Structures are given as structure tokens and as C-alpha cells.
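I opened a notebook for this protein and looked up its overall build, its cavities and its pockets. My entries are below.

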Amino acid sequence: MRHNLILIPALLLACSCAGGDEAQKFLVLGDMHYDLIENHDLEWLATTKDDLRQVTQEYTVFTAENWDDFTGVLAEKAVDVDAVLQLGDISEGLAGTPQLAVQMADSVFSAVDRIGFEVPVIITKGNHDITGPGAREAFDEVYLPNMARLSGHDSLSSANYRTEVGDCCFVCYDPWDKDNHGLDALRDNLAASSAKHKFVLVHEPVIPINERCWHVLRRDDEKRAELLRIIAGEEAIVLCAHMHLYSVVCRDTEYGPIVQLMANSVIRDAGMFKPSYLITEYGPSLALSRPDWEPETMDQRVKWLSEEAEHVTYFRQTDLPGYGILEAGPEDGRITYTYYAAFSDEPYDTVDVTSLIEACRK
């Protein structure tokens, strides 16, 4: 049964963080992969590459063991923020039938509602959210109305949309837009806003950050150049996920700097408060240090990373799961990104985003 749509009052969007003496704060969540075993056709799942193992041994287990406790932490953090930003793959997807795809989507939003967020929740489309038989149709039928409800929109016709919260504009960009209007929508949504701060919310990174080099429009140089021009020209900050990593990268372009912030909210280990590694050197070594991963594509990935390295001025990447707090100061408008590990209330890392941009411009 579909749950009723309850619209967040428009006044909430207009008034939340709209000036004053307090900083604007936003809770940032990466992939979450909410998953229940009853939402899968296991016979179908067994025919897909490694997905049966991931569902039965990882995501359904992580959901059962950690979802309630983790979202309890998030609910407490959300009391002091102006909106929640979820960067895609909120579900595991791969239900296996159109009926189960709808059932899975309903389960996901019922779980989100139980968290009890009392601020706008702005959700970006992820690849898992549209993967499997009937998943794209379920996205249109279930996801879009709930994304509208949670973000405070009357309705949404696609996952390319804009939400303004006080002095901040959040533009969700769908690189899998079936009508191929994603770049146009991104350009128009950013240009239409006069907000002091602009952010692009996209599931897949714009700048590659590890050996896999999964990044938006990587096979289309012309469109990727246009993507960078749109983002840098609007002085927007990228918020992304997809890689199940924490990362911060600053990249120069001919149109200005781009800062990309990444979060990972798949909690595999509730007690993981320290990363197992930290990488700060950007370049082909990211791929060369992992020679066993798709050796047949190594040359292409080394080429991408070598080209990007010429423009990267700051880089951090690690495997730590958790959540972020994005903050914009009330007077000087300086932006910081603080990352928390798993269930911890103590920051793992705080990045002065404004300083990264200023240093890149010099």
C-alpha cells in the first residue's frame, strides 16, 4: 500500500536558515543501501553478477544490524540542521520483479519516514535506485512523489530539480536522465538561482577519486568539459557519493575551481571510528597501486588520472563510513565540511572549503 503524501509546508523552505546570526547547517549522507530480504526475488538475483552475495551477506545484514541505531544518530544531528542531503543509492535496488521494485521503494520511504526528520530531505537519484526489472518505473511512481514531499515540492517530473533553503541552492543532477536533458536542466537550475551558495548534488562523482575512475560523462569528453564549465562558472560545490568512500578534492578549471565533497553512509562496522588508510597523493598511482582491478582498462584509467592530476590542488580519500555536516557562516559565508565516522559524535576531519577555493585561485 502506498503511504499518503504529506507536503512539508512551503514556509519551512522559505524560513529555514534564512539569514540571522546562526550558520546554515546541512546533514550530508552518502549511499545507504537500505535493504530487506523480502524485497528481492532471490532466484532472479542469483543470475546477476555477485549481487546475491552482496544482498544476503552485506546490505540486508547491515540494514538489520545498523540502520536503526545509525538513523537514531542522524535524527539527533538533524535537530540542529536546516536540511538533510542524501546523495543517491538510498536503496539497494535489484528487486527482481516490477511488483517487488514498488514494494522495495515503499519500504525505503517508510523507513525514511520513521527517522522523523523535521526538515527538508533532498534526495538525489542513484544507480541502484533504478536497477532491476521495473525499477525505473517504480522510481517514477514512488520515488519522485516522495522526493517531492520530503524536499517540499508540490511535485517533481524528474530527478533534475532545484531546492532553495535560505541562502543556499541545491541542484540535483541526474546523469541517467532518460530524455538526456540532464546537462540542460543543471545549467538552467543553477542559472535561475540568486542564492549566495550553490551546490550540485549528483550520485556519481564529477572528479574520479580512486582506481575505478567511475565519474560522470567519462566517455564523452565534450559533454564532460561542458559539465565542468557549468559547475565552475556558477561557483558551485559538488556533493557526491557512489564510491563508498570519504573524499575531498579541489580541481582547477579554466572557469574557476571545483571542490567535490564525498560521503559514505553504508555502515558495515558500527565501531569503525578510524580509517584503515588515508591517501593524499592524487594521480595515476591510485590505479597503479591496484593492479588486479580490471587490468584490461588500466591504460585508460591511468590516462584519466594523469590528466586530472595536472589540475588537482588538494586531495583526501579514505574508506571511513559516516556522515557529514556542511556549514556556511552567517557573515563571511565561509563554508566548512566536517565528517563524522560511523556513530561517532566526534569529528574525524574538518575541511575549510572556502580556503581550498581561495588557494586554488591564487
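These entries go from the whole chain to the spaces in it.

**Ground rules**

I am working with a predicted model, in which local features need pLDDT of at least 70, side-chain atom pairs count only at pLDDT 80 or more, and totals for chains, interfaces and linings use all residues. Residues are numbered from 1 along each chain as its sequence is written, and side-chain values use heavy atoms, with hydrogens and water left out.

**Entry 1: the whole protein**

I looked up the secondary structure and found ten helices and 13 strands. Helices (H or I, at least four residues) and strands (E, at least two) are DSSP runs, numbered from the N terminus. The radius of gyration is 19 Å, close to the 21 Å from the globule rule for 362 residues, so the protein is as compact as a globular protein of that length. That radius is taken over C-alpha atoms, and the rule is 2.2 Å times the number of residues to the power 0.38. The C-alpha trace spans about 55 × 55 × 45 Å along its principal axes.

I then looked at burial: 58% of the 362 residues count as buried. Buried means under 20% relative accessible area, exposed means over 50%, and partly exposed lies in between (1.4 Å probe, protein chains only).

**Entry 2: one histidine**

Is H153 buried or exposed? At 18% relative accessibility, H153 counts as buried. I found H153 in the loop between α5 (135-151) and β4 (161-165). Its C-alpha atom is 9.8 Å from that of P120, which is 33 residues away along the chain.

**Entry 3: cavities**

I needed the terms before searching. On a 1 Å grid over the protein atoms alone, a cavity is a set of points where a 1.4 Å probe fits but cannot get out; a pocket is an open set with protein on both sides within 12 Å along at least five of seven lines; lining residues have an atom within 4 Å of a point. Grid points are joined across faces, edges and corners, and a volume is the space filled by probe spheres set on the points.

The search of the whole structure gave three cavities of 30 Å³ or more. The largest cavity has a volume of about 100 Å³, and its lining residues include M32, H33, Y59, W67 and I267. By class, this lining has seven nonpolar, four polar and no charged residues. Here Ala, Val, Leu, Ile, Met, Phe, Trp, Tyr, Cys and Pro count as nonpolar, Asp, Glu, Lys and Arg as charged, and the others, Gly among them, as polar.

**Entry 4: pockets**

The largest pocket holds about 1100 Å³ of space. I counted 37 lining residues, with Q54, R212, W214, M243 and H244 nearest its centre. Which helix gives the most to this lining? Helix α3 (residues 51-78) does, with four residues. The lining has twelve nonpolar, eleven polar and 14 charged residues.

The second largest pocket holds about 350 Å³. Of its 18 lining residues, R224, A225, L228, R251 and E308 lie nearest its centre. Its lining divides into six nonpolar, three polar and nine charged residues.
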